[in-house]
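Please read it alongside the sequence and the structure shown here.

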Amino acid sequence: MEKYVCEICGYVYDPAVGDPENGVEAGTAFADVPADWVCPICGAGKDMFTPEG
């Protein structure tokens, strides 16, 4: 699964890790992350993330 990077702060969403502190379990593909999820560092919306690399 592909990692995604926040264009604002550089946080990397890694599907293998997820974001369990904010309700996203490990193994969750970015496409399956809820639409209202925001970057845990800067609060940017999901639309501010781009594929890593």
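## The side chain of K46

A polar atom of the K46 side chain lies 3.0 Å from the backbone oxygen of F30. The backbone oxygen of V33 is also placed by this side chain, at 2.7 Å from one of its polar atoms. These values come from a predicted model.

K46 is located in the loop that runs between β2 and β3. Is K46 buried or exposed? The residue is buried, yet it forms no salt bridge. The nearest side chain of opposite charge belongs to D32, at a distance of 7.2 Å; a salt bridge would require the side-chain nitrogen and a carboxyl oxygen to be within 4 Å. Apart from neighbours within four places in sequence, K46 is in contact with F30, A31, V33, P34, A35 and W37.

## The side chain of D19

D19 belongs to the loop between β2 (12-13) and β3 (49-51). This residue, too, is buried and without a salt bridge. For D19, the nearest side chain of opposite charge is that of K46, 12 Å away.

Which side chain makes a polar contact with that of D19? The partner is W37, and the contact spans 2.9 Å. When neighbours within four places in sequence are set aside, the contacts of D19 are Y11, Y13, V24, W37 and P40.

## The nonpolar core

The largest nonpolar core comprises eleven residues: Y4, C6, Y11, Y13, V24, F30, V33, W37, C39, A44 and F49. Among them, Y11, Y13, V24 and W37 are contacts of D19, while F30, V33 and W37 are contacts of K46.

Y13 is one of the core residues. Beyond its neighbours within four places in sequence, Y13 is in contact with K3, Y4, G18, D19, V24, T28, A29, F30, V33, W37 and F49.

## Overall fold

The secondary structure consists of three strands and zero helices, giving the pattern β-β-β along the sequence. The radius of gyration is 10 Å, close to the 10 Å given by the globule rule for 53 residues, so the protein is as compact as a globular protein of that length. Along the principal axes, the C-alpha atoms fill a box of roughly 25 × 20 × 15 Å.

Of the 53 residues in the protein, 34% are buried. Considering contacts between residues at least 6 apart in sequence, 44% join residues at least 24 apart.

Conventions:
Residues are numbered from 1 along each chain as its sequence is written. This is a predicted model: local features need pLDDT of at least 70, side-chain atom pairs count only at pLDDT 80 or more; totals for chains, interfaces and linings use all residues. Side-chain values use heavy atoms; hydrogens and water are left out. Helices (H or I, at least four residues) and strands (E, at least two) are DSSP runs, numbered from the N terminus. Buried means under 20% relative accessible area, exposed over 50%, partly exposed in between (1.4 Å probe, protein chains only). Lys and Arg count as positive and Asp and Glu as negative; His and the chain ends are not counted. A polar contact is a pair of N or O atoms within 3.5 Å; within protein, one must be able to donate a hydrogen and the other to accept it, and residues adjacent in sequence count only if both atoms are side-chain atoms. Contact means heavy atoms within 4.5 Å. A nonpolar core is a set of buried Ala, Val, Leu, Ile, Met, Phe, Trp, Tyr and Cys residues joined through side-chain atoms within 4.5 Å. The radius of gyration is taken over C-alpha atoms; the globule rule is 2.2 Å times the number of residues to the power 0.38.
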